[in-house]
Amino acid sequence: MKSFKMIAMLVIIALFAAVPTAFGKSKVNIGIVLPTKDEPRWVQDEARFKDALKGTKYTTEILFSQGSSAKEKENVETLINKGIKVLIICPQDGDAAASAVKAARKAGIKVISYDRLITNTDAVDYYVTFDSIAVGAAQAKYLVDHAKGKGQPLYLYAGAASDNNAFLFFEGAWNVLQPKIKDGTFKIANSSEAVALKDKAKLSRKEMSKIIGQITTNWDPNEAKNKAQTHLTAAAADAKGNVLILAPNDGTARAIADVFASDKEITSYVVTGQDAEKASIQSIIDGKQSMTVFKDVRTLVQDAMGMAVNILDGKTPQTTGEYDNGKIKVKAKQTKVIVVDKKNVKKEIIDSGYYAAKDFKGL
């Protein structure tokens, strides 16, 4: 009898071992892959994604790629093996992510590109994003609105050349800045490629690549700091004084601002940002960072999760536009952005409930 029970138990164990994914496939409905846990923005997204599914019958698992496209692909494979039906992914590198989502598509999974567009593949079903061109335009308009006189030095910085959003941000900014560069209101201080193209209102992808290649920060505050130091060291006297700085996001904005603030030949500076990170909200209150483009992640997450739940419920998600990813035009849901500076920071950030007043000093 004992040996019979033992054999039966061994058979059951063997069955479980032979089909592990069969038992795990119903456990995770939505897989989410985010770029890194080292930036506040993505940690916030993680928390809000978890909150967004509360009260629903669906489950999710969130993995981080830590700046590695190889890790990103591994994360996608892990989620595929767990039986997800929808993949929400913010790519580390738009092109490199194509092979990962191709595997998801092959497994019958719907793919939602989140915040950043996955490029050069037809294996993307939807794109949930803030209007990235509008973000760049808002940053540039802030600089235009705070210009002082003629020939004011303008320092340009961009995100990572591997991120399609960096091009969209820059495109939006260039659309607004270029007329002021062309008429001499602004004088580009740190990019010979931008100077060479200053008379062109619309830039091709290749032309933008040349400029971004010179001014990229790779979204890295340390790289932004080093680049700013190099630029100021090489700058002539007429490239200092009252300056304007196009910084691509909050992390790089704070790093660049520190460098410019420490240069005695800089009389004043206006510096842009985006993401409304807590550290930058405090920096705006303190007068160190001029503005941030507030992209309410709560809305973006709700849009992404709403789309995923619609797919799981067998419904067709609503979209508001489309983006060309180099292979296909991807249907998109766009979320609005808000410019925040010292004048409206309390209203937009605190009174809206995005952050608590107790988290800041000097409000």
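Tutor: A salt bridge here is a side-chain nitrogen of Lys or Arg within 4 Å of a carboxyl oxygen of Asp or Glu. The side chains of Lys141 and Asp145 meet that rule, with N to O at 2.8 Å. Because Lys141 and Asp145 are four residues apart in helix α6 (residues 132–145), about one helical turn separates them. The model is predicted, and side-chain atom pairs count only at pLDDT 80 or more.

To their contact, domain 1 gives 15 residues and domain 2 gives 14 residues. Interface size is often expressed as the accessible area lost when the parts come together. Between domain 1 and domain 2 about 1,200 Å² is buried, with carbon and sulfur atoms giving 37% of that area. On the side of domain 1, the residues that lose the most area to domain 2 are Arg41, Arg116 and Arg298, together 34% of what that side buries.

Side chains of opposite charge can pair when their charged atoms come close. Across the interface of domain 1 and domain 2 there are two salt bridges, and seven residue pairs are in polar contact. Two elements, α3 (40–52) and α13 (297–312), each give two or more residues to the side of domain 1 that touches domain 2. The largest share, four residues, comes from α3. By residue class, that side divides into four nonpolar, four polar and seven charged residues.

Among the individual pairs, Arg116 forms a salt bridge with Asp163 at 3.2 Å, N to O. Arg41 belongs to a network of salt bridges that also links Asp45, Asp115, Asp275 and Lys295.

The structure as a whole holds 24 salt bridges. One of them joins Asp125 and Arg105, whose closest N and O atoms are 3.3 Å apart. Asp125 lies in the loop between β4 (110–114) and β5 (126–130) and Arg105 in helix α5 (residues 97–106), so this pair ties together parts that are 20 residues apart in sequence. Asp125 counts as buried, at 16% relative accessibility, whereas Arg105 counts as partly exposed, at 33%. A further salt bridge joins Lys346 and Asp351 at 3.1 Å, N to O; Lys346 is partly exposed, with 46% relative accessibility.

Technical notes: Residues numbered from 1 in each chain as written. Predicted model: local features only at pLDDT ≥ 70, side-chain atom pairs only at ≥ 80, totals over all residues. Heavy atoms only, no water. Contact = heavy atoms within 4.5 Å. Buried area = accessible area lost by both parts, 1.4 Å probe. Polar contact = N/O pair within 3.5 Å; in protein donor to acceptor, adjacent residues only side chain to side chain. Nonpolar A, V, L, I, M, F, W, Y, C, P; charged D, E, K, R; others polar. Buried < 20%, exposed > 50% of the residue type's maximum accessible area, 1.4 Å probe, protein only.
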